[in-house]
Amino acid sequence: MRTEICKIVDDKIYSKYNRFKFDREFGEGIDAITKDWDNLIILDACRYDYFAEQIDIDGSLEQVISKGGRSWEFMEANFVGRELHDTVYVTANLHVEKLDDDVFYTVETVPASKRNPEHVVKAAKEAHKKYPDKRLIVHFMQPHRPYLGPTADKARDQLNDNFLRYTAGVQEGAKHTKPKIDFSAFRYGELPIEWLYELYEENLDIALDHTYELLEFIDGKSVITADHGELLGERKGIFGQRKFGHPGNIKTPEAYIVPWFTIKSKQRREILADEPIGWDRLDDEVVKNRLRELGYLEPGI
């Protein structure tokens, strides 16, 4: 009950002051689309500070402010209302289904049951071969939950169902899909907060390893960035409650400061715009279910 009261106060009172203060201090977010790149690789929920410690290839790193603290907020600010007919979007993020058909030249979506990074890399390689004269945006879901790796498996073994969220992929027995660890496990002390840091680090390493693989395959100038960051139990708001994920009600450096890592290339692609060819959309109810499982929609919506 106390947690809910604190959330209501933060939503109704603190959030307006917080957003004004953040914007005044950090300024307007970066317009990712107008920057110079041939390939834009987006790591979902990737914090700048962790990225700076873990990136292990040559390049130029800047910290920038994202236009969004959540995926759709990022997409809405960077994609909606534009004609990006020189760009192919390869994504495992289902918010793409909210976009109109004529924003990108085409979109390649990675199914929910194959949201692991190796499937994103495979789809991106195929798109690059198929559309060599288009800019490429590749949107990985990691380091966003559900977490992969040995620490995640160990954590799941210790938790009961009250702290695990079973997505449709798990219920359908999809290969490699595992229950999502609920942040409440850390909020209520079922798991030590240090394990959350380890989970996040491992999943960022997983995302980066697959990014390196993709970079070996694609040509042109590449940039690695994030749609938004992630709160990992930092104390925020009027009452200093632990905050997790990307709640959207308050603006914090952890959620809005993201990396902008440029890998220069002597080989640049010749980019051409063409009339959009459309793309295969998922069923509306499937999209709602997946977004609900990720915590973006309330039950019943």
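Predicted model: local features only at pLDDT ≥ 70, side-chain atom pairs only at ≥ 80, totals over all residues.

Visitor: Why is D44 called buried?

Guide: Buried means under 20% relative accessible area, exposed over 50%, and partly exposed in between, with a 1.4 Å probe and protein chains only. D44 has a relative accessible area of 0%, and is therefore buried.

Visitor: What makes the pair D44 and H228 a polar contact?

Guide: A polar contact is a pair of N or O atoms within 3.5 Å; within protein, one must be able to donate a hydrogen and the other to accept it, and residues adjacent in sequence count only if both atoms are side-chain atoms. The side chains of D44 and H228 are joined at 3.3 Å, so the pair meets the distance limit of 3.5 Å.

Visitor: Which residues does F79 touch, beyond those up to four places away in sequence?

Guide: Contact means heavy atoms within 4.5 Å. Among the residues that F79 touches are I33, F74, Y89 and I137.

Visitor: Which residues touch the most other members of the largest nonpolar core?

Guide: Such a core is a set of buried Ala, Val, Leu, Ile, Met, Phe, Trp, Tyr and Cys residues joined through side-chain atoms within 4.5 Å. The largest has 73 residues, and F79 and I137 are among those touching the most other members. Helix α8 (residues 193-217) gives the most to this core, with 11 residues; a helix is a DSSP run (H or I) of at least four residues, numbered from the N terminus.

Note on methods
Residues numbered from 1 in each chain as written. Heavy atoms only, no water. Helix = DSSP H or I, 4+ residues; strand = E, 2+ residues; numbered from the N terminus.
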